[in-house]
Amino acid sequence: MISEKETTALSKFLSLVLRHQPETIDIKLDEQGWVTVDELLRKAQAHGKNITPDVLNHIVETNTKKRFAFDDTGKKIRASQGHSVDVELGYEPQMPPDVLYHGTGSQSVDAILQSGLEKRSRQHVHLSSDLDTAVKVGQRHGKPVILTVAAGAMHLQGHRFYLSANNVWLTDFVPAGFIGRHSS
């Protein structure tokens, strides 16, 4: 098949075009973020990316974060979450666990504890239900710090939570009063 290095590089490319800059290869995502597999493969090939149907299936199946999903027919693909382009993923509000976690770098903690967690250029704030995932996310930003989010209390106050296809909890904003430091 293809090497792990090639898989990683192509996965990053797919994240770029399916989450942030579809115009890079002249594709258009529909309102829910879908594009046909045929169009994606054709446009990727035209831009020098050697992605075949087998390679695409391999990337979707082996991506540990389950970043991409095919529709029920297998003819369309989209990113599961993390978009900076405007798409409506169609997720229904869910009852979150009482506590969710957010991993960040130590340099961001004071600002977050003061002003809350903001979605910034993304469509949602990303939270996890397990510590291991939060630690891995935090490590991408330097020395990891794990924050707790009182999601159950937020939900009771009317905040909406969504669970993405790859089990990432999504919400629009986490006010500072619902955030604490996780003590390990």
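Visitor: Which side chain does aspartate 30 meet in a salt bridge?

Guide: Side chains of opposite charge can pair when their charged atoms come close. Here the partner of aspartate 30 is lysine 76, with an N to O distance of 3.9 Å. A salt bridge is a side-chain nitrogen of Lys or Arg within 4 Å of a carboxyl oxygen of Asp or Glu. Please note that this is a predicted model, in which local features need pLDDT of at least 70 and side-chain atom pairs count only at pLDDT 80 or more, while totals for chains, interfaces and linings use all residues. Residues are numbered from 1 along each chain as its sequence is written, and side-chain values use heavy atoms, with hydrogens and water left out.

Visitor: Which parts does the pair of aspartate 30 and lysine 76 tie together?

Guide: Aspartate 30 lies in the loop between helix H1 (4–20) and strand E1 (35–36), and lysine 76 in strand E3 (residues 76–79), so the pair links parts that are 46 residues apart in sequence. Helices (H or I, at least four residues) and strands (E, at least two) are DSSP runs, numbered from the N terminus. Aspartate 30 is partly exposed at 22% relative accessibility, and lysine 76 is partly exposed at 31%. The cut-offs are under 20% relative accessible area for buried, over 50% for exposed, and partly exposed in between (1.4 Å probe, protein chains only).

Visitor: How many salt bridges does a search of the whole structure find?

Guide: The search finds three. In one of them, lysine 43 pairs with glutamate 39, their closest N and O atoms being 3.8 Å apart. These two residues are four apart in helix H2 (residues 37–46), which means a separation of about one helical turn. Lysine 43 is partly exposed at 21%, whereas glutamate 39 is buried at 19%. Glutamate 118 and arginine 120 form another, at 3.7 Å between the closest N and O atoms. Glutamate 118 is partly exposed at 41%, and arginine 120 is exposed at 71%.

Visitor: Which residues line the largest cavity?

Guide: Rolling a probe the size of a water molecule over the atoms shows where empty space is left. On a 1 Å grid over the protein atoms alone, a cavity is a set of points where a 1.4 Å probe fits but cannot get out, and lining residues have an atom within 4 Å of a point. The structure holds one cavity of 30 Å³ or more. The lining of the largest cavity consists of Gln81, Gly82, His83, Leu89, Arg122, Gln123, His124, His126 and Leu170.

Technical notes: 1 Å grid on protein atoms, 1.4 Å probe; cavity = no way out; pocket = protein on both sides within 12 Å on 5 of 7 lines; lining within 4 Å. Points joined across faces, edges and corners; volume = space filled by probe spheres on them.
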